[in-house]
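Subject: Structure for your study

Dear colleague,

Please find below the structure that I am handing over to you.

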Amino acid sequence: MRVLHEYLSGRMGYVEIGGSRSCVRNIKKGCVQGSILGPILFNIYMSELENIVYPCKVVSYADDAYIIGAGTDEETVQSLLCLTLKNHFEWLDTIGMKCNLSKTEFIVIGVPSMNLVVNNIEIQSVKSMKMLGIYVDASLKWDTLIEKQVAKCRSYIFTLRYLRKHLSEKETLTIVKSHIISRLTYACPAWSHSLGFNLRAKLRSVYYRVIRVVLRDFDFKLNRTGLLRVSGLESIDQILFMRSTVFLFNLIQSLQPTELALRILSKIYTNERTPGRLTLFDTSRTRVGTMCITNSAKNLVDQWNFDWLELSTQTFKSSLRAHYIQQ
């Protein structure tokens, strides 16, 4: 504790605007931005938030925090959220932080719309909300997310056409992997299992359009299979499958006690006919079908037709390609 106290004590700073500099003042709160200890100290500083907003839950990552409340009817939820937000803002004031109510937004699942009034400021619910780069719809669908991903990748196509004139095919493919594929598959373990046909078709369309630009196949001489063969890339469906399975594999191997991990691990048993392997089964009574997260996990594991329990992540990836993707 003395080390942390010395690290945070005795700091001074000033503000410089247009060549004019303020006087030097002591900095009594905060820590150096960009430091290694910064995120850890911030999490410690905000650790009391979960108790302040109880019975609501807090989902946070670094300085992004989201409060989740539930109720049996609209009036209960509205009352709960108003009280929770009021307590939240008052607590922030006591620890020297401010929240901009005009920029505060919330999303309601299961109700068309709702208004909240906190400190005489009205907050209107939104139809979709961006959470750590993922757009969540009020209907728990992924239309907004896919539309924005596809639109952003389409805007890259003109730039790719220009770059392709000056870069080799290999160099352009590197850009595609880092800027296009990474965007199209961002956080895919959370949403890829529940995409409908139309949304998958949109992902495929922009993906193959990008590959066509890289290969300069503007006369459409190659079909989609030919585009993949010549470029050496995998299909977007294969990429989504790979990333989702690797995520599930790491989740099972790390045994992190998250709510999602516990839900999935509760479905696991050891099959006596295949010693050394785990099998998932679904016991969901509230929601069934391929879009259920536990059913999705079961379908993924069923396709791991090799002994995977003691493998490293890298070896698992290689074995998965050999037993599934190359078939």
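This is a predicted model: local features need pLDDT of at least 70, side-chain atom pairs count only at pLDDT 80 or more; totals for chains, interfaces and linings use all residues.

Residues are numbered from 1 along each chain as its sequence is written, and side-chain values use heavy atoms, with hydrogens and water left out.

The loop between β7 (115-118) and β8 (121-124) holds asparagine 119; helices (H or I, at least four residues) and strands (E, at least two) are DSSP runs, numbered from the N terminus. Asparagine 119 is partly exposed because its relative accessibility is 47%; buried means under 20% relative accessible area, exposed over 50%, and partly exposed in between (1.4 Å probe, protein chains only). Beyond its neighbours within four places in sequence, asparagine 119 is in contact with Lys86, Phe89 and Leu101, where contact means heavy atoms within 4.5 Å. Although phenylalanine 89 is 30 residues away from asparagine 119 in sequence, their C-alpha atoms are 9.3 Å apart in space.

Proline 55, in the loop between α3 (49-52) and β5 (57-61), is joined to tyrosine 54 by a cis peptide bond with omega of about 15°.

Two residues other than glycine have a positive phi: leucine 140, near 60°, and arginine 216, about 55°. Leucine 140 lies in the loop between β10 (134-137) and α5 (143-166) and counts as exposed because its relative accessibility is 57%. Arginine 216 is found between α8 (197-215) and α9 (224-231), in the loop, and at 45% relative accessibility it is partly exposed.

Yours sincerely
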